[in-house]
Structures are given as structure tokens and as C-alpha cells.
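Reader: I would like to learn how to read helix packing and sheets in a model. Could we work through one case?

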There are 2 protein chains.
Amino acid sequence: MSMETENIHERYMREALREAHKAYERDEVPIGCVIVSHNRIIARGHNLTETLNDVTAHAEMQAITSAAEYLGGKYLTDCTLYVTLEPCIMCAGALKWAQISRIVFGAADAKGGYARLNAPVLHPKTEVIPGVLEEECRSLLQEFFRGKRA
Amino acid sequence: MSMETENIHERYMREALREAHKAYERDEVPIGCVIVSHNRIIARGHNLTETLNDVTAHAEMQAITSAAEYLGGKYLTDCTLYVTLEPCIMCAGALKWAQISRIVFGAADAKGGYARLNAPVLHPKTEVIPGVLEEECRSLLQEFFRGKRA
């Protein structure tokens, strides 16, 4: 990964973090994402499961729907998802259906992430880049849950 | 499983099949479902991925959202999902988050179903009953795809 590519990934991950902060402000688990196509953000999302009373209202699910609407087609074959936390099984399954080109995530999720299944959940052509701005993404989550326990 | 219980499962699976027929009529892959709580159908759904241009618009996803709205809470711990085809990984992941009590499905899906992962996708407390009205559920799908190839 070249320095320039790394900077691009960090730039978009900062946008995903902005979305995560919006969730935090609503007292939602702070997870955010953006979907990028041809160097342009075409969809944004942040976790709204509590606000909407809906387990399916993860950041990624909303962004997938929104990106497909923007593109006028349901496949995201030319898109990169930037998300602050490793996607869960539901979201990974949706990303498989969407045939997304690339997933860049911040913090790993050993408990709820798709990777723990150690099974072919994603589309075989989907590239995965973990650990971009990992510390910032994880810190925001830790701060949120510390506040919950206090 | 007592005869009476079997009849109850078949009765609700016929309702799921009615939903699948609605999808068929819209030229959607014919999959349908209902969610039952305390012997009452509280949500219905049929596949709308083409109509809505959205890979997340599976029958189950819509019904989960709808059932949670009906119940005023996001957990479906006292609910049974009846669905004509074995849920995919995305839907199984959503059903895990919803902590649904029971999943009754018609036809198995060796290619796209969650079970092929051979991994703990569902909530450990979720009971699964496969093969209810299997032939009817499978026939409807076969008829649809035969029509597509013709």
C-alpha cells in the first residue's frame, strides 16, 4: 500500500468516524461508515438501532441501501466501504449480496465480527483492508461503553 | 412434534407461501415469510430486491423491521419466523441480533443458506425446524427459475 493510498484510506475513514460521532451523540453505539465510488462519497450511515428500534439499522445496511439508490442498481461492484468497526455477520452477508469491491475497516470485532466465523461469508472478489485508524475507531467505542457503565 | 403442532406450522407456512406468491407476481424470486407471536401474525414480508433495487430487501429483513415496530421493541424473543426458504447469511445474522425464538423454514438452500457455513451464525437459543411444506416451497422457486430460462 503506497503512502498516497494510505492517506486516501485515512481520509475516508475520518468521514466514517464523523458518522460514528453522530451515532454517539444520539446515544447509539458509535459506528459509522461511508461508501466511496470513483473517489466520491455516495452514501453515509451511522448506527441507529436504538433510535429506530430495529436490529437491522446498522450503519452499513443503511449505506448499502442508500448507495444502491444513488447508483440506480443494487450491485456495488465499483465501491469501497469504509466502516469504523469490522462488519457483523448480517452486514457481511449484505455486502456479499452487493458484491462490494472493497471493505476497509478500523477496529476489529473479535466477538461480533464476521471474521470469527472463519468461513467464506464475503464475496470471493471482495478485498478487505483492516486496521485503518484502528486506535481512533476503538477509542470512540471504548469511551461510549465506559460512559454506559459509569 | 405433535400432529397439532405440525398443523400449526403448516398453517403459518401457507401464509408465508402466500407472501412468496406475491413476490412471484412481481417477477421477484418467490420467497415469503410471516412472523408469529402468541398465535398471531404480527408481520409479513416478501422478497422485493428487484423492485426496490436493494439487496437488503429480503422477505425476512422487512418482516423483522415490521415485527419490531409492531412490538415496540427490537427483540423478537417470543416470536417464530416462518419462511419458505432457508435464510441467507445476512438474514440469519439479523435473526441472531433479534434473538428470535424459532425459525421454521420450507426448502433448504444448499448454495445460499446460512447452514452451509457450518458455523454458529444464529443465536444459541434459537430453535430451527426445517422442511415444513418443503415440496411446495421448492416447487414455487423451481417454477420461477424455469420461467426465467425459457
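This is a predicted model: local features need pLDDT of at least 70, side-chain atom pairs count only at pLDDT 80 or more; totals for chains, interfaces and linings use all residues.

Reader: At what angle do helix 3 of chain A and helix 3 of chain B pack?

Author: Two packed helices are described by the angle between their axes and the distance between the axes. Here helix 3 (residues 89-98) of chain A and helix 3 (residues 89-97) of chain B pack at about 160 degrees, with axes 7 Å apart. That makes the two helices roughly antiparallel, a term for angles over 145 degrees. Axes are lines fitted to C-alpha atoms, for helices over the stretch in contact, and angles run from 0 to 180 degrees between N-to-C directions.

Residues are numbered from 1 along each chain as its sequence is written, chains are lettered from A and ligands numbered from 1 in the order in which they are written, and side-chain values use heavy atoms, without hydrogens and water.

Reader: Which residues of helix 3 of chain A meet helix 3 of chain B?

Author: An α-helix has 3.6 residues a turn, so residues three or four places apart point the same way. In helix 3 of chain A, the residues in contact (heavy atoms within 4.5 Å) are A:I89, A:M90, A:G93, A:A94 and A:W97. They meet B:I89, B:M90, B:G93, B:A94 and B:W97.

Reader: How many residues of helix 3 of chain A are buried?

Author: Buried means under 20% relative accessible area, exposed over 50%, partly exposed in between (1.4 Å probe, protein chains only). Eight of the 10 residues in helix 3 of chain A are buried, among them A:C91 and A:L95. The buried residues pack against helix 2, strand 3 (79-85) and strand 4 (102-107) of chain A, and against helix 2 (59-71) and helix 3 of chain B. After helix 3 of chain A comes A:Q99, with a positive phi near 55 degrees.

Reader: Where is A:H38, and is A:H38 buried or exposed?

Author: A:H38 lies in the loop between strand 1 (32-37) and strand 2 (41-46) of chain A. A:H38 is exposed, at 63% relative accessible area. Its phi is positive, near 50 degrees, in a residue other than glycine.

Reader: In what order do the strands of the chain B sheet run?

Author: Strands pair if DSSP finds at least two bridges between them. The five strands of this open sheet have the order 2-1-3-4-5, with mixed pairing. Its edge strands are strand 2 (41-46) and strand 5 (127-129) of chain B.

Terms used. Helices (H or I, at least four residues) and strands (E, at least two) are DSSP runs, numbered from the N terminus. Angles under 35 degrees count as roughly parallel, over 145 as roughly antiparallel, 65 to 115 as roughly perpendicular and the rest as oblique.
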